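Please open the model in your viewer and keep the selection tool at hand.

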Amino acid sequence: MALSRPAWIAAGVVARLLMIGVLAMAVQSRFANRTRYDFKAVGYNTDLQSYTYAVVASVVGMAGSVLQIPVAVYLLCRGKRMTSSSLILDVSMYADIVVTVVLASGVGAGFGATDDVVEYVKKHGSRWGDGDVTQDLVKYYQKGVIAIVFLLIGMVLSVCATVVSTRLRVRAASDDDDIAYV
């Protein structure tokens, strides 16, 4: 049995709300990650540019979802009282696609950079020796993966929201075709 239009819209709202929560956890876990040693005092910045990009991608994802929720609520409340607006559904679908691509690139940048830095530090050590300082640095980057995992979950939820908005757009286009040929 196929899902009704309101069920699809409700699924999209749920995916977007979950995505906002998961992306907020990604940002929070990124900023909560600390090292025991003060590497900045000795001229070493532990923050990777890809981590900054991952935070920006999370914020873009949250903003996109926050902007999409009123559209989904409007579509849900409107019901079948009027014909579907293809323009609203087009904007919603393309915005979801852009958010998904930004989140996917943030996931790739975060995982790639973290893996490279951890492998480098494990293989070559740090300039402070192979003791506790190097292990602290490795633990810091391994904890950084937690934020990227939340970003990955947010990206999967964004894909779900994109599927919903695309499904609604295709359904509206087929309804418009039925009306045009009657």
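What follows is a walk through the cavities and the residues that line them.

This is a predicted model, in which local features need pLDDT of at least 70 and side-chain atom pairs count only at pLDDT 80 or more, while totals for chains, interfaces and linings use all residues. Residues are numbered from 1 along each chain as its sequence is written, and side-chain values use heavy atoms, with hydrogens and water left out.

The structure holds two cavities of 30 Å³ or more; a cavity is a set of points, on a 1 Å grid over the protein atoms alone, where a 1.4 Å probe fits but cannot get out, and its lining residues have an atom within 4 Å of a point. A volume is the space filled by probe spheres set on the points, which are joined across faces, edges and corners.

**First stop**

Select I9, G12, R16, Q68, V71, A72, L75, L89, S92, V164, S165 and L168, which line the largest cavity, with a volume of about 80 Å³. Two or more of these residues come from each of helix 1 (5-32), helix 2 (49-78), helix 3 (86-124) and helix 4 (132-180), where helices are DSSP runs (H or I, at least four residues) numbered from the N terminus. Helix 2 gives the largest share, four residues.

**Second stop**

Now select A26, V27, R30, Y51, A54, V55, S58, G144, A147, I148 and L151 around the second largest cavity, whose volume is about 60 Å³. Here helix 1, helix 2 and helix 4 are the elements that give two or more residues to the lining.

Methods:
On a 1 Å grid over the protein atoms alone, a cavity is a set of points where a 1.4 Å probe fits but cannot get out, and a pocket is an open set with protein on both sides within 12 Å along at least five of seven lines; lining residues have an atom within 4 Å of a point.
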